[in-house]
Amino acid sequence: MSQVTLRGLALSLLFAGLSGYAVSASSAEPPRTAGAVDLQRYQGTWYELARLPMFFQRNCAQSEAQYQLQEDGSVAVTNRCRTQAGEWQEAKGQAVAQVEGQTDKLWVRFDNWFSNLFPGLTKGDYWVLYLDASYQTALVGNPNLEYLWLLSRTPQVSAQTQAQLLDEARARGYDTSGLIWRTAESAITP
């Protein structure tokens, strides 16, 4: 990855961390979460089906996340993004419970120079809002309803599953009209 790309990725992650830290002025209730999440079952690869627009993913056509439960109860995070030009960008971080023993609300912090300098400012909310019983689909967002990801263990889902995820997101107060959907694999130039 070029130095310019690394610098851009670091700045993007900085904005992501700061935006996760910001408190919304909205009086709306935070969305309800999935409740207890079995992090052992949650670990592995998740594909982004759709997301609300955000600065740090502005060039992403396909994104995926790899979660690995650690012995100390934290979760190692590797986010990958494939751009329209076919380049892969990657960021590594760590997720920890916001409240000991509550696994549906995590803090995520990515490894970059700004996070290392100001660790308290660069952690972002990662709330598991919905998780199906088989741990095959999930909704992840934050308490101020600015960020939302529709995730699946597979890069594509049925129309019925997609509709269910959209219904779950709307039930939590999200406006889904602005979702950016995963680009088909064949549409990306290598």
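Residues are numbered from 1 along each chain as its sequence is written. Because the model is predicted, local features need pLDDT of at least 70 and side-chain atom pairs count only at pLDDT 80 or more, while totals for chains, interfaces and linings use all residues; side-chain values use heavy atoms, with hydrogens and water left out.

**Confidence.** The chain has a mean pLDDT (the predictor's confidence in each residue, from 0 to 100) of 84, and 77% of its residues reach 70 or more. Over residues 1-26 the pLDDT is below 50.

**Cores.** A nonpolar core is a set of buried (under 20% relative accessible area, 1.4 Å probe, protein chains only) Ala, Val, Leu, Ile, Met, Phe, Trp, Tyr and Cys residues joined through side-chain atoms within 4.5 Å. The largest one has 23 residues, and Tyr42, Tyr67 and Tyr126 are among those with the most contacts inside it. Strands and helices here are DSSP runs (helices H or I, at least four residues; strands E, at least two), numbered from the N terminus. Among the elements that supply at least two residues each to this core are α2 (39-42), β4 and β5. A second, separate core of 14 residues includes Leu49 and Tyr174.

**A look at Gln98.** Gln98 lies in strand β4 (residues 88-99). Leaving aside neighbours within four places in sequence, its contacts (heavy atoms within 4.5 Å) include Lys105, Trp107 and Tyr126. Tyr126 in turn touches Tyr42, Tyr67 and Leu151, among others.

On a 1 Å grid over the protein atoms alone, a cavity is a set of points where a 1.4 Å probe fits but cannot get out; a pocket is an open set with protein on both sides within 12 Å along at least five of seven lines, and lining residues have an atom within 4 Å of a point. Volume is the space filled by probe spheres set on the points, which are joined across faces, edges and corners.

| Space | Volume | Lining by class |
|---|---|---|
| Second largest pocket | about 160 Å³ | 4 nonpolar, 5 polar and 2 charged residues |
| Second largest cavity | about 40 Å³ | 8 nonpolar, no polar and no charged residues |

In these classes, Ala, Val, Leu, Ile, Met, Phe, Trp, Tyr, Cys and Pro count as nonpolar, Asp, Glu, Lys and Arg as charged, and the others, Gly among them, as polar. β5 gives the most to the pocket lining, with 3 residues.

Technical notes
Buried < 20%, exposed > 50% of the residue type's maximum accessible area, 1.4 Å probe, protein only.
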